[in-house]
Amino acid sequence: MGIVEGETVGSAESRTAPAGDGEREPQPSDSLRTFGAVVQALREHTGLSRAELATLVRYSTHTVASVELGRRMPDESFVERAEEALGDTGVLRKAARHLSRGEAGLAAWFRRWARLEREAASLCTYECRLVPGLLQSEAYARAVFDNSIPLLTDEQTEDQLTARMDRQRMVRERPTVPFSFIVEEAVFRRRLGGAQVQASMLDHVLELTAPRNVTLQVVPLELEFHGCLDGPVQLLETSEGRRLGYSEGQQNGRLISGPKEVSLLCQRYETLRSQALNPKETRDLLERLRGEL
């Protein structure tokens, strides 16, 4: 998968301007859809067409339709004028306070996991395709996006990079949360983007995994037994002690909450943890790879 960990080109809500003619439309979020449905219901109850409401709020019919479909973030003027035109009940003003644009560059299927991991009491990640997004250097992440199929525009690439680097900040900003990473050795040997990009990536990984709460283990190439052959997986524990999992493939991702399935994933992760190089051996290997460049 070219992007990995849910960063996708279709979700640019947080970079989208308020509603107004000619502006970009974000991918719908739950709060935008709900607000739009309320606007549509009030409009229909009042007996107005979209064109008639557009005249009253002084926006185009297209903008009204986009708001009702949850594709546009309504600005304050739209909310106030729509409120007055649709009965002045206060419903739209109150609903507008809870609107959210979502996260730029994050796929719809990944957003819930992204919110959960920001509040997680612990986070575990196994990756066999690429360096995990939480450990990627900016140059490495850019190389990942440059390999996307179909190709991304410059604007889409910047959205992706912003999302990835913003998400990565939690590793630095949460020094008491345990972060565990297990990554295949082949991932660190693959010169994605070239030797210079690989060198900066290794420096970045060594820096991010130096704190006591961040553990990185490499699965060596010569390993004869492997506890997680079914592919990448992420696991977290909530502040309430609940364990959840996340699995991602080609253009899709799945949040796993069933206790039996999560327990199985935890068993596989712990087995692989025992098979991988320990953190010191891992660090020695990465420093050796860095010295070879």
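Predicted model: local features only at pLDDT ≥ 70, side-chain atom pairs only at ≥ 80, totals over all residues.
**View 1. Packing of helix α2 against helix α3**. Helix α2, spanning residues 50-57, packs against helix α3, spanning residues 61-68, at an angle of about 105°, and their axes lie 8 Å apart. Since angles of 65 to 115 degrees count as roughly perpendicular, α2 and α3 are therefore roughly perpendicular to each other. On the α2 side the contact is formed by R50, A51, L53, A54 and V57, which meet T61, V64, A65 and E68 of α3.

**View 2. Crossing of helix α2 and helix α4**. The axes of α2 and helix α4, the latter covering residues 76-85, come within 9 Å and cross at roughly 120°, and the crossing is right-handed. Here L53, L56 and V57 of α2 meet F78, R81, A82 and A85 of α4. The residues of this contact divide into 6 nonpolar and 1 charged, with no polar residue.

View 3. When residues up to four places away in sequence are left aside, L123 touches W113, E117, L134, M170, P178, F179, S180, L235 and L236. The C-alpha atoms of L123 and G245 are separated by 9.8 Å, although these two residues are 122 residues apart along the chain.

Note on methods:
Residues numbered from 1 in each chain as written. Heavy atoms only, no water. Axes fitted to C-alpha atoms, helices over the stretch in contact; angles between N-to-C directions. Helix = DSSP H or I, 4+ residues; strand = E, 2+ residues; numbered from the N terminus. Parallel < 35°, antiparallel > 145°, perpendicular 65-115°, else oblique. Contact = heavy atoms within 4.5 Å. Left-handed = near helix turned anticlockwise from the far one by under 90°. Nonpolar A, V, L, I, M, F, W, Y, C, P; charged D, E, K, R; others polar.
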